[in-house]
Amino acid sequence: MAALAAVATPASAPALERIDWAVNGVNIEIPSWGFVNTGTRFRVFPQAGVPRTVFEKVDDAATVDRYTGIAGSVSLHIPWDRVDDWAGLAGYAAERGLRIGGINSNTFQDEDYKLGSICNPDARVRTKAVAAIVECCDIAGAMNAQAVKVWLGDGTNYPGQDDLRWRHRRLVEGLSEAYAALPAGVRMYLEYKLYEPALYATDVQDWGQSLNVVRQLGDQAGVCVDTGHHAMGVNIEQIVALLLAEGRLAAFDLNDKKYGDDDLMVGSIDPYQLFRIAHELVNAMRDDTDPVAQRCADETVYMLDQCHNIEPKLPAMIRSVMNLQETIAKALLVDREALLAAQAAGDVLEANRCLQDAFSTDVRPLLAELRVARGLPADPYRAYLDSGEAEARAAARADGAPAGWG
Ligand code: RM4
Ligand code: MN
């Protein structure tokens with residue numbers, strides 16, 4: 001609950017103090033798969049210096065933390081990051097200042113999963129899929145990780161292909177089995193996505209379905225909101241607000257998109273939407289009259305889920321952390337007392353001004369000042385580009401096979 005005191009700084013305090021949490025408190029989780037060679041379904045454009053092993057992926061995540069100071073955990077994807085010694089890998093990360101956040105299950109890249117994983121009509125495949133998620137639970141235990149994150153590619157491509165109602169029953173049954181294997185204190189996040197790879201009906205297609213299922217699982221389960229997984233025009237901040245109110249928001253997979261699930265850098269397309277989401281979180285953290293939402297917001301995990309296909313990956317990850325940091329700082333600048341007063345008075349324009357003023361503030365010089373006070377570079381992105389590390393990394397990793405999605 002350390003964040004709560006930090007975000008409660010009164011609006012009369014200097015701006016530097018108000019945004020302190022964005023530099024000295026918040027944590028942003030980095031995905032191991034954000035550094036590997038990825039692409040579209042048409043082409044993967046390989047890059048120099050891409051990690052060859054999970055250890056090098058952890059090195060890259062640690063580099064993002066070294067420059068930004070707020071990226072203290074890394075998310076792993078199984079089987080992409082499989083090793084023999086899980087505790088050893090956790091120790092390797094800890095030596096570099098990183099905790100293990102989420103263990104992401106992968107039941108979407110095996111021939112057996114063509115018709116789905118835990119929703120598959122074939123009981124043999126369902127058993128295999130449950131075992132894959134249970135393995136993630138075991139890995140989470142061995143690594144002292146925070147959570148198991150489940151995203152399912154399950155769905156159907158054609159009307160009539162399978163019974164939608166029975167697929168739902170299989171989903172709840174299969175996830176309940178996997179949930180039972182969660183180690184004490186480890187949470188399960190269930191992520192939704194409206195389409196892709198399934199093109200007609202996705203089994204966990206939206207927040208309502210995710211919420212419905214996690215409620216059936218138990219208290220350790222919560223919803224993961226991937227910002228790229230919504231239809232165009234959907235009011236994501238309202239979904240965030242509703243999940244906070246229900247105490248079931250657990251985590252974010254942050255990225256941005258213009259059309260489909262493009263996994264562009266967070267805040268690169270619609271920074272105002274990201275601000276509106278951040279505002280809901282900060283607003284809940286400051287709301288002492290709503291302990292359910294307050295606690296939920298305080299515990300929500302901010303993970304990046306991005307693929308850098310044409311841009312250099314490590315600088316893109318640093319920029320993304322900075323984009324999010326700037327947005328959180330702006331949300332921290334919202335004058336909540338003024339906002340509540342305007343809302344109570346029915347003053348529509350004044351209430352809206354409270355948000356827009358905060359969003360329009362240029363927080364970059366303030367953030368630079370706070371970073372320098374912490375011994376961090378004023379501009380982590382520029383500092384990394386000027387460091388020569390990218391060239392050194394490319395030279396050191398010239399041999400061997402770069403990692404990819406598989
Ligand atoms: C999915 C989903 C998952 C991510 C994979 C790589 O679309 O967003 O969170 O782990 O992609
Ligand atoms: Mn995701």
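What follows is a short exchange on how each label is reached.

Mentor: Keep in mind that this is a predicted model.

Trainee: Which residues coordinate the manganese ion (ligand 2)?
Mentor: Glu191 (OE), Asp226 (OD), Asp253 (OD) and Asp305 (OD), at 2.1 to 2.2 Å. The cut-off for a donor here is 2.8 Å from the metal. These distances fall within it, so the atoms count as donors.

Trainee: What makes the arrangement octahedral?
Mentor: There are 6 donor atoms around the manganese ion (ligand 2), and the angles they subtend run from 73 to 166°. Six donors count as octahedral if opposite donors are over 155 degrees apart and all others lie between 65 and 115. The arrangement is therefore called octahedral.

Trainee: What spacing do the donors follow along the chain?
Mentor: The pattern is E-x34-D-x26-D-x51-D. Asp226 sits in strand β8 (residues 221–226) and Asp253 in strand β9 (residues 249–254), so this pair ties together parts 27 residues apart in sequence.

Trainee: How do you know that β8 and β9 are paired?
Mentor: Pairing needs at least two bridges. β8 and β9 have 4 and run parallel, so they pair. Asp226 has Asp253 as its bridge partner in β9. β8, helix α9 (residues 236–245) and β9 also make a right-handed β-α-β unit.

Trainee: Which strand pairs with β9 over 4 bridges, besides β8?
Mentor: Strand β10 (residues 301–304), again in the parallel sense. There, Val301 is the bridge partner of Ala251.

Trainee: Why are Asp226 and Asp253 called buried?
Mentor: Buried means under 20% relative accessible area. Asp226 is at 0%, so it counts as buried. Asp253 is at 1%, so that residue is buried too. As for β9, 6 of its 6 residues are buried.

Trainee: Now Ser117. Where is Ser117 placed?
Mentor: Ser117 is in the loop between β3 (99–104) and α6 (123–143).

Trainee: Is Ser117 buried or exposed?
Mentor: Its relative accessible area is 0%, so Ser117 is buried. Beyond four places away in sequence, Ser117 touches Thr107, Val125, Arg126, Ala129, Leu152 and Asp154.

Trainee: What makes the pair Ser117 and Thr107 a polar contact?
Mentor: Their side chains come to 3.1 Å. The cut-off is 3.5 Å between N or O atoms. The value is within that limit, so the label polar contact applies.

Conventions: Residues numbered from 1 in each chain as written. Chains lettered and ligands numbered in written order. Predicted model: local features only at pLDDT ≥ 70, side-chain atom pairs only at ≥ 80, totals over all residues. Heavy atoms only, no water. Donors = N, O, S within 2.8 Å, 3.2 Å for Na, K, Ca; no water. Tetrahedral: all angles 85-135°; square planar, octahedral: opposite > 155°, others 65-115°. Helix = DSSP H or I, 4+ residues; strand = E, 2+ residues; numbered from the N terminus. Buried < 20%, exposed > 50% of the residue type's maximum accessible area, 1.4 Å probe, protein only. Polar contact = N/O pair within 3.5 Å; in protein donor to acceptor, adjacent residues only side chain to side chain. Contact = heavy atoms within 4.5 Å. Right-handed = clockwise from strand over helix to strand, strands pointing away.
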